Amino acid sequence: MSDHSKSSPLPTYFMVWGALLLGTFLTYEAAKIDLGVFNAALALIIATTKALLVALFFMHLKGASEKLLKLVVISTVFFLLILLALSMADYGTRVWS
Amino acid sequence: MSDSQATAVQGEAHNPALLHHFVTEEQQRDASSLGMWIFLATEVMFFGGLFCAYLIYRGWYFGDFGAASKSIDALLGGTNTAVLICSSLTVVLAIWGAQTARRGLMIGSLILTMLFGLAFLGIKGKEYKDKFDEHHVPGVSFSFEHVPIPGHPDQYANPRHAEIFFALYFIMTGLHALHMVIGLGIFTWLLVMAWKGRFTPQYHTPLEVGGLYWHFVDIVWIYLFPLLYLIDRHP
Amino acid sequence: MSMATATAQPVERVNYLNKEYGVASWLLTTDHKRIALLYLLSITLFFFIGGFFALLIRLELLTPAGDLVQADTYNKLFTMHGMVMVFFFLIPSIPAVLGNFLVPMMIGAKDLAFPRINLLSWYLYIIGGVMMLHCMLTGGVDTGWTFYTPFSTAFTNTKIVEAGLAIFVVGFSSILTGLNFVVTIHRMRAPGMTWSRLPLFIWAHYATSIIQILGTPVIAITVVLVAVERTLHLGIFDPKLGGDPLLFQHLFWFYSHPAVYIMILPSMGIVSEIIACFARKRIFGYSFVALSSIAIAVFGFLVWAHHMFVAGISVYAALVFSLLSYGVAVPSAVKVFNWTATLYKGSIRYDAPMLYAFGFLGLFTMGGLTGLFLAALGIDVHVTDTYFVVAHFHYIMVGGALMGYLGGMHFWWPKISGKLYPEGWARLAALIVFIGFNLTFFPQFILGYVGMPRRYYQYPQEFQVLNVLSTAGATVLGVGYLLPMIYFLWSMRYGKPAPDNPWNAAGLEWKTASPPTTFNFEEEPVVTWEAYNYDEIDGAHKQEVPVVG
Amino acid sequence: MFDNFPLWPDRASTAAGNVDALYIFLLIVSGLMTLLIFTSVIYFAARYRQQQGVPAEQIEGSIPLELTWSVIPLGVFLAIFFWGAVVYFKGRTPPRDSTEVYVVAKQWMWKLEHAEGQREINELHVPVGRDVKLIMTSQDVIHSFFVPAFRMKQDVLPGRYTVAWFRATKPGTYHLFCAEYCGTQHSGMIGAIVVQEPAQYEAWMNGGSTGPLSVTGEKIFAELGCVTCHRSDTQGRGPNLQGVFGAAVQLDDGRTVTADENYVRESILDPGAKIVKGFKPVMPTFQGIVSEEQLNALVAYVKSLSKPGAPGPKTADAASKDSKAPTKGSQVE
């Protein structure tokens with residue numbers, strides 16, 4: 001957990017808050033432009049940046065003294081991607097055979 | 001979802017004194033936060049199964065998913081996202097209030113957080129009612145005839161595949177809403193404890209752990225919004 | 001059977017068993033040791049329910065024709081045997097009983113990180129258990145423990161939703177146990193208990209907890225999807241409505257393969273402890289054995305579709321998963337080699353726990369090697385869904401996990417109950433279990449390759465001889481499992497009081513009294529020795545041979 | 001009980017030899033490894049049993065030894081993986097010109113239909129030495145077509161085709177099992193593969209023949225009015241199916257897919273899924289109108305249009321005249 005003496009002062013919170021709202025607006029508008037395949041990629045990039053902002057600043061991952069919490073988060077995302085990627089290994093290549 | 005998060009929060013340490021089996025206070029706080037982070041890992045995998053199903057059916061039935069997603073009011077979804085982001089802010093302000101012994105800010109922020117939560121559920125309820133009226137709720141009453149696929153005006157979406165989208169839509173947003181309700185339960189309890197002056201700059205672990213849970217529910221929604229509402233919105 | 005130097009019987013010390021009596025003291029306890037005993041009672045009940053179903057299945061298969069029970073009843077028997085054994089015995093058994101009892105003591109903590117959640121885990125297990133018992137008594141489920149769709153969602157009206165919710169609840173109990181262990185191991189180690197000094201039992205439970213935490217939620221959501229599909233007639237897994245039955249299999253096996261590592265890893269931890277103690281030696285290649293547990297946990301998540309080679313997945317996906325499955329076999333091989341190497345130049349005793357460890361070594365090796373057959377694509381096409389697979393996973397689960405569990409129960413029984421079990425009977429029981437096991441399951445390998453499919457109520461005449469052999473073995477195995485329960489209960493009443501460290505074993509749990517006090521240690525222990533320091537222990541005792549038995 | 005008690009399955013197909021070879025190799029490797037572990041455990045246990053005054057010698061471990069028994073097993077495993085993959089690939093790629101049999105699995109029976117039109121229940125007559133390709137689908141739950149003597153197993157899924165092939169090498173009757181649990185009579189869903197000499201097979205073939213499956217398919221093609229859109233000339237509202245099967249098809253969203261059995265099936269049951277470039281999505285779905293057997297016949301017919309020299313679809317009126325001709329068994333249930 002973050003050490004309390006220098007937790008993020010208020011301006012950082014409000015900046016992150018603003019960035020998140022901006023991200024939401026961007027996602028909403030970007031969906032209106034036809035970028036073909038990149039629509040999904042862009043939406044995911046914006047969503048991931050927003051999620052990182054919340055995790056690092058609001059959930060105090062950034063100031064966390066020890067790396068254990070970061071390890072938990074990274075390994076969770078890794079196993080989620082394993083589930084998605086290896087399932088797609090089947091669905092993606094079913095058309096080939 | 002049993003209310004185990006409540007016990008996971010180790011809330012009612014009646015006084016900041018140590019629970020019997022911990023050696024130091026710092027050990028107890030670290031244990032609680034690590035416990036919650038690991039619990040959030042299980043939640044990520046719990047929603048992960050649904051995202052896997054969504055990913056595969058979106059690949060198979062992109063057109064039908066686009067048509068079904070277009071029938072949902074993206075503006076409502078967007079406002080809900082904003083509402084949750086504001087609630088995350090008020091949670092952080094509440095924790096900061098506890099850290100700096102600003103009782104008024106802490107309690108005010110907690111109340112605001114819960115109001116935002118209720119607002120979210122209200123908007124969600126309106127959305128569900130629209131879907132109910134349009135017969136888009138999967139099951140017997142479901143009907144999705146003659147809805148054109150975005151970008152292919154002459155081609156109709158296959159109702160059966162649209163029903164899969166709505167099944168996933170209702171399960172994912174329903175499960176998220178259930179987590180929101182549990183979050184509100186936790187925050188009511190935190191409000192009660194805050195009101196009793198239980199939280200001091202030295203001891204406010206339940207608040208932090210409850211905040212972690214709330215931010216996680218917000219992050220899930222940050223992903224749900226673009227994936228479910230904005231599949232194919234361009235004209 | 002008392003320690004040669006045991007002092008006169010000490011006045012009855014206060015310990016976690018006699019500290020307080022009464023139902024409330026048990027049902028509302030947050031003491032990890034009492035919760036372990038509550039679990040011991042409940043999983044033993046479920047073990048004998050599952051075992052009873054197994055015996056009925058074996059009796060039915062004595063004859064080619066289906067003449068003992070109806071076809072439907074037989075289908076329910078093997079389904080319930082699978083569900084009860086997997087979800088209510090194998091997955092919780094070692095972590096919930098021996099893990100709960102020993103993890104805090106081995107790392108020098110007073111209790112687990114979240115004692116109340118620990119009690120909640122037991123209550124969730126009991127609620128899940130009652131739901132499963134109710135489901136069994138009011139009709140049961142006939143889909144096989146794998147409840148594949150679209151059969152389970154559209155073509156049967158047995159109680160799938162109820163069994164599914166029971167699995168959801170008991171899965172949650174498993175998640176919370178895993179969470180408790182990881183936080184405890186990270187945050188509550190005694191000073192000096194560094195990661196390289198942790199007993200391998202703890203490493204194994206750490207790896208098991210990773211799988212419980214990351215795998216169980218996926219089957220929880222799968223069960224919810226099946227329940228939703230059955231009640232609302234949706235098409236998530238039903239091809240007639242656009243769904244894909246293979247998606248169910250992907251989500252199911254994503255958890256259920258790592259689940260087999262939840263079942264085997266704790267036994268590996270136990271075997272490491274037993275072999276080190278009874279060979280009086282440090283485990284050969286300690287860090288390799290420890291890290292191979294973690295490697296098994298991580299690699300275990302990459303290989304699930306080797307259960308689906310003929311299910312209709314693409315040829316290229318089958319290649320990927322077959323290759324990854326061979327990757328996960330390496331850490332298990334490393335462990336077996338290290339255990340065998342530990343015996344070299346040891347000072348080996350043949351007490352009952354060591355017999356179970358030897359049994360584990362032999363049977364787990366055979367189980368693991370037959371896994372190589374199944375991972376080879378060419379052979380898997382022929383042997384999957386036959387009795388070859390049944391034999392393979394029984395060698396791992398019954399030959400490995402259960403042998404390890406029994407070995408662990410014998411090894412730590414003096415610490416748990418404060419009494420010594422009868423050594424003679426225990427060695428006999430170990431022998432009977434080993435012989436009965438091999439007689440039951442080795443013929444099934446041959447049956448499998450000859451082509452008898454699994455889950456068959458009636459079979460062609462030519463498979464009968466091997467089935468009769470297997471049933472004979474099952475009865476011997478049944479007897480072998482009854483013996484320990486009998487003499488453990490007997491020892492509670494009539495067993496000799498056990499000294500604090502009857503085996504002269506290394507490890508913090510042997511530094512407390514038997515049975516230990518509620519807070520395990522009078523004062524907080526400080527660890528200054530390496531793991532398995534048997535040279536120091538034996539050196540200090542100048543070769544005093546612990547006369548046991 | 002003891003008269004017929006095999007310990008090794010029959011070897012009746014080309015694949016059986018390959019699978020058995022790999023199986024025996026693995027048996028030897030595992031046997032040696034088990035022997036190694038058992039003997040070393042027993043030897044160490046006996047040799048180093050506890051003796052008074054002989055302490056255990058502490059050995060920390062040795063990195064080189066650890067590496068050897070990690071790398072060598074990995075090497076052996078990879079060899080087994082490659083060998084297994086080769087056997088698997090041969091089993092999963094049917095030869096070009098194999099005779100085709102359409103299999104429909106139904107709760108607790110196998111319905112088999114030769115391309116030449118014969119229909120069998122729970123039995124399949126095949127000639128020795130000829131490649132047979134099974135195009136399989138299920139009407140209800142997942143089944144699995146398993147012939148131990150051919151070392152062949154393939155799940156049969158509802159809603160799509162799965163393909164398997166074999167070439168029988170030894171005349172005789174072999175078990176056909178359902179290997180995926182499918183309900184009450186799962187163990188009753190047993191059939192027989194009857195492998196005959198070519199002469200006997202021809203005799204059996206001339207018996208109950210109702211004309212080739214593709215001819216039945218052509219009748220259904222006309223009855224359902226497919227021919228009105230899918231014409232042999234190019235003004236039809238639907239693509240001309242001449243030579244489509246097996247070829248690459250350009251879709252309107254840019255993808256190109258090969259027109260295999262699953263593509264034809266999906267185009268009939270769910271036309272909107274893949275629209276051919278330059279055509280309107282006007283085709284109605286035939287889900288629930290066409291039975292599995294009719295579907296198989298239509299697929300066989302579309303395939304026949306790709307065989308060189310096959311006559312194009314007759315115009316609507318010519319085809320209907322044919323269907324009135326009294327041929328036995330043209331009405332497929």
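At what angle do helix H9 of chain C and helix H14 of chain C pack, and how far apart are their axes? Before I answer, please note that this is a predicted model.

Helix H9 covers residues 245-278 of chain C, and helix H14 covers residues 387-417 of chain C. The two pack at an angle of about 45°, with their axes 8 Å apart. That angle makes H9(C) oblique to H14(C). The crossing in which H9(C) passes H14(C) is left-handed. On the H9(C) side, the residues that meet H14(C) include C:Val260, C:Met263 and C:Ile274. On the H14(C) side, among them are C:Phe393, C:Gly400, C:Gly404 and C:Phe411. Sorted by class, this contact of H9(C) with H14(C) has 12 nonpolar, 5 polar and 1 charged residues.

Let me now turn to chain A. Its secondary structure consists of 3 helices and 0 strands, in the pattern α-α-α along the sequence. The radius of gyration of chain A is 18 Å, well over the 13 Å that the globule rule gives for 97 residues, so chain A is more spread out than a compact globule. Along its principal axes, the C-alpha trace of chain A spans about 60 × 35 × 10 Å. Of the 97 residues of chain A, 32% count as buried.

Finally, the contact between chains A and B. Chain A provides 32 residues and chain B provides 38 residues. On the chain A side, helices H1 (10-30), H2 (38-58) and H3 (68-93) each give two or more residues. The largest share, 10 residues, comes from H3(A). By class, the chain A side divides into 23 nonpolar, 6 polar and 3 charged residues.

Definitions and conventions. Residues are numbered from 1 along each chain as its sequence is written. Chains are lettered from A and ligands numbered from 1 in the order in which they are written. This is a predicted model: local features need pLDDT of at least 70, side-chain atom pairs count only at pLDDT 80 or more; totals for chains, interfaces and linings use all residues. Axes are lines fitted to C-alpha atoms, for helices over the stretch in contact, and angles run from 0 to 180 degrees between N-to-C directions. Helices (H or I, at least four residues) and strands (E, at least two) are DSSP runs, numbered from the N terminus. Angles under 35 degrees count as roughly parallel, over 145 as roughly antiparallel, 65 to 115 as roughly perpendicular and the rest as oblique. A crossing is left-handed if the near helix is turned anticlockwise from the far one by less than a right angle, and right-handed if clockwise. Two residues are in contact if their C-beta atoms, placed from the backbone, lie within 7 Å. Ala, Val, Leu, Ile, Met, Phe, Trp, Tyr, Cys and Pro count as nonpolar, Asp, Glu, Lys and Arg as charged, and the others, Gly among them, as polar. The radius of gyration is taken over C-alpha atoms; the globule rule is 2.2 Å times the number of residues to the power 0.38. A residue is buried if 20 or more other C-beta atoms lie within 10 Å of its own, exposed if 12 or fewer, and partly exposed in between; C-beta atoms are placed from the backbone.
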